[in-house]
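Dear colleague,

I am handing over the structure we spoke about, with its sequence, and below it you will find a short account of what turned up. Please look it over before reading on.

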Amino acid sequence: MISIAGLIGGVMGIYLGWLNYRLLLGFMEAAINKGRERNPTEKGWVELAEPTIRKVIFTLTIIGIPIIGYLAGASIAP
């Protein structure tokens, strides 16, 4: 059965996940730009793995945090 507290936790998790997603992407972009400033001809490991890192960040923040929020909310108020 779906609980209201679980839904509230899920919505809060979506918002917090979105904030974390944007923050982590900003850190990744900063690392790529810093590597380009040091050596513009050579790609760093972050730049090479960027698509995979973006997928992992999306999965953990946009999908994982709302699930944790729902479970936390559902366990607090059954």
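Does Phe58 count as buried, partly exposed or exposed, and at what relative accessibility? Please keep in mind that this is a predicted model. Phe58 has a relative accessibility of 37%, so it counts as partly exposed, whereas Tyr21, at 17%, counts as buried.

These two residues belong together, since a search of the whole structure gives 1 aromatic pair, and the ring centres of Tyr21 and Phe58 lie 5.9 Å apart with their planes at 80°, so the pair is edge-to-face, the angle being over 60 degrees. Because Tyr21 sits in helix H1 and Phe58 in helix H3 (residues 50-76), the pair ties together parts that are 37 residues apart in sequence.

The UniProt record, an unreviewed entry, places the feature "transmembrane region" at residues 6-28 and 56-77. In the model, residues 6-28 are 100% helix and 0% strand, with end C-alpha atoms 32 Å apart, while residues 56-77 are 95% helix and 0% strand, with end C-alpha atoms 31 Å apart.

Sorted by class, the lining of the largest pocket has 6 charged, 4 nonpolar and 3 polar residues.

With best wishes

Methods
Residues numbered from 1 in each chain as written. Predicted model: local features only at pLDDT ≥ 70, side-chain atom pairs only at ≥ 80, totals over all residues. Heavy atoms only, no water. UniProt positions renumbered as here; feature names shortened; annotations may be inferred. Helix = DSSP H or I, 4+ residues; strand = E, 2+ residues; numbered from the N terminus. Nonpolar A, V, L, I, M, F, W, Y, C, P; charged D, E, K, R; others polar. Phe/Tyr/Trp six-rings, centres within 6.5 Å; stacked < 30°, edge-to-face > 60°. Buried < 20%, exposed > 50% of the residue type's maximum accessible area, 1.4 Å probe, protein only.
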